[in-house]
Amino acid sequence: MMSACPDPLWPSYRAGARLTVDLDAIASNYRYLQTLASGASCAAVVKADAYGLGIERVAPVLENAGATDFFVAHVDEGIRLRSVVSEKARITVLHGPRPGASGDCVRYGLRPVLNSLEQIALWRDEDSRTGALPEAALQVDSGMSRFGLSDADLETLQAEKGLVDGLKVGLVMSHLACADTPDHPANQVQKSRLLQMSARLPSAPLSLSASSGIFLGPDYHLDVVRPGAALYGIAPNRTGPNPLSPVVRLQAHVLQIREILPGEGVGYGLTYQPDRPRRIATVAVGYADGFSRHGAGQGCAWFEDIRLPILGRVSMDSLIVDISDVPEGKLGPDMMVDLIGSRRSVDDVAEAAGTIGYEVLTSLGHRFHREYVGNQETPSKGD
Ligand SMILES: *Cc1c(COP(=O)(O)O)cnc(C)c1O
């Protein structure tokens, strides 16, 4: 397990909790995925501030591990990314160009995904005006009904050759809706549709799979795979053990300890009422830190190898755990308990809250002290 050395610049009393991000684990997950998809090139998806973990720290680590292709959702994210990766890194903007975006795309070397006829027309107009636009990617809708060109759009493109002629198409992509369910029939259908649809477009490398798709096997790797979640340790599916290395650890301070008796209640709404005496601890992490109020009933923290069930509702800045199983005197105020760590993964936390690891990770708050461990070549001070 990662050993986080406390940063002397951050007295621990200033924040309620500490989020430790293991940069070596991210690099190792990248290498693992690249090996798994060895017939393809492995890109890295770093949208949403690298899934909440800090794009400035995470992207250079991925580049050092061999990534040359990066995906973000917005132009702003691309601009931010450009300042922390090398000039040769290719940055693709998934949401594509909106009116006025082409100047920034050229200036910062961003490759937009053209998802609709409108975006193609927009990009072409800019192309003919400046004559210097970089290449674009094209997305087709192979069945998810979210982004991409439809069959009808492809017919329009075939009828009006002028729309795509001269476009520099560097990638044709689509996205799987059910990749986390390996035997879902939609996977095969979407793949066939991407192959059929791409045959009607200028020839370019093909990309279909994000994290979970990589685990569907080589048939789904095509030319470029685009993992995000798996880089950050999220399980690609719930069908077997998670082969990826855990990346985050969340530890929160104990603020107060008390005994409660039957007849007393705990937290908002007094929804937990003990049937026997309990020793409980108030811990400094709450829903404002991204620790969901849902599913507290199944949730728990850990102290060493002792499970501490969450009691009652999660408050904005705190939650309450049952520490009756911890030998008296072993856990005191100002010590820390683990909310995410070796005994409780991001996916476990998500499951208890009725959501997915992606949402847990991207919601984790920004008032934690963050500590980056590993990757000793760069300074280990975070934001
Ligand atoms: C977010 C996203 C990815 C990465 O997905 P993960 O499931 O996190 O690996 C890849 N492609 C597209 C189009 C995306 O929107």
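Modeller: The shell around the ligand comprises 8 nonpolar, 3 polar and 3 charged residues; here Ala, Val, Leu, Ile, Met, Phe, Trp, Tyr, Cys and Pro count as nonpolar, Asp, Glu, Lys and Arg as charged, and the others, Gly among them, as polar. This is a predicted model, in which local features need pLDDT of at least 70 and side-chain atom pairs count only at pLDDT 80 or more, while totals for chains, interfaces and linings use all residues. Residues are numbered from 1 along each chain as its sequence is written, and side-chain values use heavy atoms, with hydrogens and water left out.

Of the 14 residues around the ligand, those that come nearest are Lys-47, Tyr-51, Ser-211, Gly-228 and Tyr-358; a residue is near a molecule if one of its heavy atoms lies within 4 Å of it.

For His-175, a ligand nitrogen lies 3.5 Å away. A polar contact is a pair of N or O atoms within 3.5 Å. Taken alone, the ligand exposes 390 Å², and the protein buries 91% of that (Shrake-Rupley method, 1.4 Å probe).

The ligand sits in the largest pocket. A pocket is an open set of points, on a 1 Å grid over the protein atoms alone, where a 1.4 Å probe fits, with protein on both sides within 12 Å along at least five of seven lines. A molecule sits in one if more than half of its atoms lie within 2 Å of its grid points.

Lys-47 and Tyr-51, already named among the nearest residues, bring us to helix α2 (residues 47-51), where Asp-49 is also placed; helices are DSSP runs of H or I with at least four residues, and strands are runs of E with at least two. Asp-49 has a positive phi of about 55 degrees although it is not a glycine. Most residues other than glycine have a negative phi. Asp-49 counts as buried because its relative accessible area is 16%, the limit for buried being under 20% (1.4 Å probe, protein chains only).

As for the setting, the protein chain has 11 helices and 17 strands, and buried residues make up 53% of its 383 residues.

Key:
Polar contact = N/O pair within 3.5 Å; in protein donor to acceptor, adjacent residues only side chain to side chain. 1 Å grid on protein atoms, 1.4 Å probe; cavity = no way out; pocket = protein on both sides within 12 Å on 5 of 7 lines; lining within 4 Å. Buried < 20%, exposed > 50% of the residue type's maximum accessible area, 1.4 Å probe, protein only.
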